[in-house]
Amino acid sequence: MHTTPTPLRPEPTAYEPRVIAVTSGKGGVGKSVISANVAVACASQGRRVLLIDADLALANLDLLLGVEARYTVRDVLDGKASIEEAIVEGPRGVSLLAACSGDVELAALGGKARMNLFDAIDSLEQRYDTVIVDTGAGVGSNATGFASAAQQVVVVVTPDPTSMADAYAMIKVLSQRCHVERVSLVVNQASGAVEADSVVDRLVALTQRFLDVTVVPVGFVYADAAVSRSVRACEPLVSSLPSTSASSSLRALAKRLLSEPTPPHGSVAAGPSLFWKRLMGVDEAEGRDGGQ
Ligand SMILES: Nc1ncnc2c1ncn2[C@@H]1O[C@H](COP(=O)(O)OP(=O)(O)O)[C@@H](O)[C@H]1O
Ligand SMILES: [Mg+2]
């Protein structure tokens, strides 16, 4: 287990910074597995990666990366640790800001707390070019708040019809309430390209018909028993078993995600900082009254 805080890397990064929020309509579809493995794959491709566990109710990225985090998001928000102290280094130099599972108070962060967290993360912008945020599932969670402030929003879906229905509901909320204009769609646990394509075709047809949002398929990840084995071993698949089918699909996914453009959200222009400060609609109201 790694326990040391990550060292400061003062040199500016060579890549344009991007924040990728990974979300889904339904829990258990593979957001955390994908976030952890894409983070490791991006780091292996030379990116400086910060992975944030923002599934504050069901946090598990520390376990998936096999690291022990002394402090969590809660300690940063409570002023008990600085963000530098809270970050730990995982495989391939991926930095992790962990959360504490079962923290019901943090499960739904208020607008102000979320802004404070964004400010703390923004203070690290010289150190990272790729920030991957594993959000909670579902429309009523922190997921929409983080997705509103990220340049790139990834929705994970599986071929399960309930996952597809919930992914559609999530995309609808992201589009209509959070003004997200482009969603990157990942099909996880697919038997192959044919099944993944049929999931994509159905979701794209529905969103084109009823919503004003562009859904871009960015890849699929094979259903592979090696994924569960890697979860049990507390080691990301792409570093522990790089030649499995799921590993190669995860590496291809990381590459594709990094090649996606990061257009501005609605009328909010990307500022110099990692997160977009000025959130819109429901989030602005939350920010003013501090509620959820
Ligand atoms: N591609 C896959 N193939 C096989 N099993 C998978 C795959 N992706 C995820 N899983 C299984 O699903 C479980 C839940 O994944 P997780 O990433 O924790 O979901 P979420 O973060 O969306 O709640 C994992 O522990 C793993 O056992
Ligand atoms: Mg998760």
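**Exercise 1.** Among contacts in the protein between residues at least 6 apart in sequence, what percentage join residues at least 24 apart?

*Solution.* The structure is a predicted model. Step one is to take the contacts between residues at least 6 apart in sequence; of these, 79% join residues at least 24 apart. Step two turns to burial: 50% of the 292 residues count as buried.

**Exercise 2.** Describe the sheet and the helices that lie across its strands.

*Solution.* The protein contains 13 helices and eight strands. Within the order, strand 2 (residues 49-54) and strand 5 (residues 130-135) are parallel and share six bridges; V49 is opposite T130 in strand 5.

**Exercise 3.** Which residues are closest to ligand 1, and which elements give two or more residues to its shell?

*Solution.* Ligand 1 is surrounded by 17 residues, the closest being G30, K31, S32, V33 and V227. Helix 1 (31-44), strand 7 (182-190) and helix 10 (225-232) each give two or more residues to this shell. Sorted by class, the shell has seven nonpolar, eight polar and two charged residues.

**Exercise 4.** Identify where the coordinates call for caution.

*Solution.* The mean pLDDT is 86, and 84% of residues reach 70 or more. However, pLDDT is below 50 over residues 265-272 and stays under 50 over residues 277-292. Where pLDDT is low, predicted coordinates should not be read in detail.

Notes: Residues numbered from 1 in each chain as written. Chains lettered and ligands numbered in written order. Predicted model: local features only at pLDDT ≥ 70, side-chain atom pairs only at ≥ 80, totals over all residues. Near = placed C-beta within 6 Å. Helix = DSSP H or I, 4+ residues; strand = E, 2+ residues; numbered from the N terminus. Nonpolar A, V, L, I, M, F, W, Y, C, P; charged D, E, K, R; others polar. pLDDT = per-residue confidence, 0-100. Contact = placed C-beta atoms within 7 Å. Buried ≥ 20, exposed ≤ 12 C-beta atoms within 10 Å, placed from the backbone. Pairing = 2+ DSSP bridges.
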